[in-house]
Amino acid sequence: MKDEWRTRIGTSDELSKGMVEFEGKRYLDGRASDPGELGWMRGAPPSADKRITFERDDFLEFPKIRWALSHMRELTATVNVWRGACQSSRLQGDDRTVEIDALTFTDTTGRKRRFPEALIDTYTDGILVLHRGRIAYERYFGALTPHLPHACNSITKSYAGTLTAALVCEGVLDDTKTIPHYLPELRGTAWDDATLRQVMDMQTGLAYTELYVESTSSVWEYARAAGWRPRPNDEQGTQTCADYLRSIKKAGVHGEAFAYKSVNTEVMAWVMARVTGRSFAQLLSERLWAPLGCEEDGYVIVDSAGMPMAGAGLSATLRDMARFGELMRREGEWNGKQLIPASVVHDLQKPDHCLKFPLMGCDYSYRSQWWMTHNELDAIEARGIHGQRLYIAPKAEVVIARFASHPIASAALSDPITMPQMFALGQMLRR
């Protein structure tokens with residue numbers, strides 16, 4: 001690969017061409033890392049140096065990730081999220097591409113940027129902007145196309161949190177009950193005295209770490225158990241996600257602090273499945289995909305027992321994710337039907353039950369697996385590693401759905417560009 005980079009960008013005196021540096025390491029930039037340019041998975045069959053497989057366990061490494069996030073179904077076991085038998089709902093267009101491409105904004109470092117160049121600089125795979133429910137802007141890059149599902153990563157959590165909150169509102173679930181009330185299997189574990197609400201809001205004390213840059217972090221054992229990463233043939237221990245959840249012990253006090261840990265979402269989805277008799281994938285299909293008139297089926301990664309990965313396993317098309325965002329902007333209403341109780345959406349913005357924390361200069365809070373900005377657009381966000389984002393700005397009547405494959409999992413390097421970019425777009429469309 002180093003020889004390929006040198007061929008592409010020239011000698012060491014020309015490293016600025018086609019290369020960027022993050023955290024002291026050089027990477028191909030957004031254009032040079034385009035999967036089509038690099039030829040991943042081309043050929044019949046692809047040559048060994050262009051092949052991406054699950055077994056090698058490097059499909060999430062850059063630049064292979066730029067192809068992999070649009071092809072997760074080809075890499076690991078998944079379950080379908082059926083769109084139903086009805087005709088898809090139509091998203092009308094109100095094209096404002098020229099206006100949006102001309103937008104400039106200042107990132108958090110003080111650098112002035114143009115909207116389209118910022119998309120390339122943050123390794124965007126696709127972006128769709130709805131204004132008042134109509135498509136104002138839609139662009140695709142790299143391996144992504146309109147009909148192709150892309151990994152949502154932790155945006156999956158916001159789908160799961162919305163369904164759980166709806167079931168609480170409908171009286172099917174009680175968020176004051178402790179987890180063993182629904183899942184006796186988790187007695188004696190970290191969740192023995194945790195309430196469903198504490199799990200929904202990531203306010204649990206767990207002996208678990210979620211540090212993507214550390215190969216020994218707990219998140220990778222969870223990923224292997226959930227089917228997101230391969231298991232070594234000689235590995236002992238937990239074989240399924242449920243097995244892994246039963247192994248986690250308590251560390252700290254529940255309800256005192258926000259602590260983002262994906263395993264909470266798996267517990268939450270397990271509760272939903274136990275009480276309703278429907279898997280997370282089935283609930284997605286019946287309560288969202290089919291009623292919204294999604295254009296394409298989605299799919300969710302499953303473990304060896306067939307349990308869908310609710311913390312990060314969903315893949316959806318950009319348009320169908322935008323439909324979900326528009327549903328939330330419209331407070332749960334879609335074509336005259338209330339698919340999600342309006343109180344679920346209203347509850348997200350209530351200030352009295354939120355533990356607030358600083359994030360990129362904003363006073364964020366977290367509720368029911370959603371991020372609240374509390375900015376002047378009242379924006380809420382669903383966020384996923386490597387740049388996934390669903391940004392809903394009610395006061396601007398805007399929904400922004402974005403997929404990306406940034407080299408760095410953490411948003412710390414893309415947020416300084418992406419957050420002011422989305423805010424500036426919301427302000428422009430608000431006028």
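Reply: Helix H6 is mostly covered, with 14 of its 15 residues buried (buried is under 20% relative accessible area, exposed over 50%, partly exposed in between, with a 1.4 Å probe and protein chains only). This is a predicted model, in which local features need pLDDT of at least 70, side-chain atom pairs count only at pLDDT 80 or more, and totals for chains, interfaces and linings use all residues. Residues are numbered from 1 along each chain as its sequence is written, and side-chain values use heavy atoms, leaving out hydrogens and water.

H6 covers residues 155-169 and reaches 21 Å from its first C-alpha to its last, close to the 21 Å expected (1.5 Å times one less than its number of residues). Helices are DSSP runs of H or I with at least four residues, and strands are runs of E with at least two, numbered from the N terminus. Just after H6, Gly171 has a positive phi of about 85°.

Cys152 is also buried, at a relative accessible area of 0%. The closest cysteine sulfur to that of Cys152 is in Cys294, 11 Å away, too far for a bond (a disulfide is a pair of cysteine sulfur atoms within 2.5 Å). Cys241 is in no disulfide either, as its nearest cysteine sulfur, that of Cys152, is 18 Å away. The count of disulfides is 0.

Arg383 lies in strand S16, residues 380-384, and counts as buried at 10% relative accessibility. The Arg383 side chain makes polar contacts with the side chains of Glu381, at 2.8 Å, and Asp415, at 2.4 Å. A polar contact is a pair of N or O atoms within 3.5 Å; within protein, one must be able to donate a hydrogen and the other to accept it, and residues adjacent in sequence count only if both atoms are side-chain atoms.
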